[in-house]
Amino acid sequence: MVRSMTGFGRSQSSTNGRDITVEIKSVNHRYFDCSVRLPRIYSFLEEFIKTRVQERVSRGKIEIYISVDTSKEKTPVSVTVNEAVLASYLDAAKQISDRFGLQNDILVSRAMSFSDVLDVQKAEEDEEELKKDILEVLDLALDEYMAMCQREGKRLVDDITYRIDLIRSLVDKIEERSPKCVEEYRAKLEVRMQEVLANTMIDPQRILTEAAIFADKTAVTEEIVRLRSHLNQLSTMLSGGGAIGRKVDFLVQEFNREANTIGSKGNDLEIAQLVVDLKAEIEKIREQIQNIE
């Protein structure tokens, strides 16, 4: 299935005392460009996250936001007393009491509030468990993101298919009009030659020769055949799905090349107008495919 490079996905889960939230959003880009924003202490997971995303996404500018709330986490902590620091505080208090005759009223609760007296250490997190939890939430967000990209991709395919049909119709009209141009040129040439030569007998072979030269210069049969082939190839790519964005981009460049050649050869007002309409539809397809992965 064809996917758009524009999408959004979000997932949230509470596991092992952590509230984990993952948001993914993306826009079109020529290559795979993924940036991850997550708490600094979890930065070691950045490459794992990018690798996980690239397993499912081949192209686009992707931004991933991850937040981890550990307020519910029941990780064991250890509290120790820095006896040297506390002793220094108590000695200082005794000196103040002795020097100025003040009551030494330090209580345990007050002593515990002194800076650096208590050393609180949190047990190290299980990095593998953390990695597993975050990647699981990431996968859920990716599922939602991919579903949106596929929905957007289907809309792109529907629009491009519609425009392929319009282009085929315009090509049919150009093909139908092209031989008539030669006939009209031959008739006009005969009239002009009669006006110039007046009573002189006109050589029919000369008119046929000139008309043949004109027909050869203005023939667009090869361009029409190639353009139809490109249209069929595009339809096949769209129905096949997958990451086709770059291939389709190159193919549409060929559309423009054939359309420009037809326009330069046409030498006819009606064909010129049809080519303008043709190029307008090609440009609309080109704009749409910029969003295809």
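**Close-up views of a predicted model**

**View 1. β3 and β4 pair in the parallel sense.** In this predicted model, strand β3 and strand β4 (residues 60-69) form a parallel pair over 6 bridges. Phe32 has Gly60 of β4 as its bridge partner. Val36 is bridged to Ile64 in β4. Such pairing between strands of a sheet runs through backbone hydrogen bonds, either parallel or antiparallel.

**View 2. β2 meets β4 in the antiparallel sense.** Strand β2 (residues 18-27) pairs with β4 over 9 bridges, and the sense is antiparallel. Ile24 stands opposite Ile64 of β4. Ile64 is also the bridge partner of Val36.

**View 3. The open sheet.** The sheet has 4 strands in the order β1-β2-β4-β3. Its pairing is mixed. Which strands stand at the edges? They are β1 (7-15) and β3 (32-37). Each has a single partner strand, so one side of each lacks a neighbour in the sheet. On average, neighbouring strands are turned by 10° against each other, direction ignored.

**View 4. Helix α1 on the sheet.** Helix α1 (residues 46-54) packs on the sheet and touches β3 and β4. The direction of α1 makes about 140° with that of β3.

**View 5. The crossover from β3 to β4.** The β3 strand pairs with β4 in the parallel sense. Between them, the chain passes through α1. This β-α-β crossover is left-handed.

View 6. Side chains alternate along β4. Gly60, Ile62, Ile64, Ile66 and Val68 point to one face and are buried.

**View 7. The largest nonpolar core.** This core has 31 residues. Those with the most contacts inside it are Ile160, Ile174, Leu234, Leu238, Ile262, Leu278 and Ile285. Two or more residues come from each of α4 (127-197), α6 (221-240), α7 (245-266) and α8 (269-289). Helix α4 gives the most, with 8 residues. In soluble globular proteins, nonpolar side chains tend to be buried together.

**View 8. Around Leu234.** Which residues does Leu234 contact, leaving aside its neighbours within four places in sequence? They are Ile160, Ile164, Val248, Leu251, Phe255 and Ile285. Leu234, Ile160 and Ile285 are among the residues with the most contacts inside the largest core.

**View 9. A second, separate core.** This core has 25 residues. Among them are Cys34, Leu45, Ile49 and Leu130.

Note on methods:
Residues are numbered from 1 along each chain as its sequence is written. This is a predicted model: local features need pLDDT of at least 70, side-chain atom pairs count only at pLDDT 80 or more; totals for chains, interfaces and linings use all residues. Side-chain values use heavy atoms; hydrogens and water are left out. Two strands pair if DSSP finds at least two bridges between them. Axes are lines fitted to C-alpha atoms, for helices over the stretch in contact, and angles run from 0 to 180 degrees between N-to-C directions. Contact means heavy atoms within 4.5 Å. Buried means under 20% relative accessible area, exposed over 50%, partly exposed in between (1.4 Å probe, protein chains only). A crossover is right-handed if, with the strands pointing away from the viewer, the path from the first strand over the helix to the second runs clockwise. A nonpolar core is a set of buried Ala, Val, Leu, Ile, Met, Phe, Trp, Tyr and Cys residues joined through side-chain atoms within 4.5 Å.
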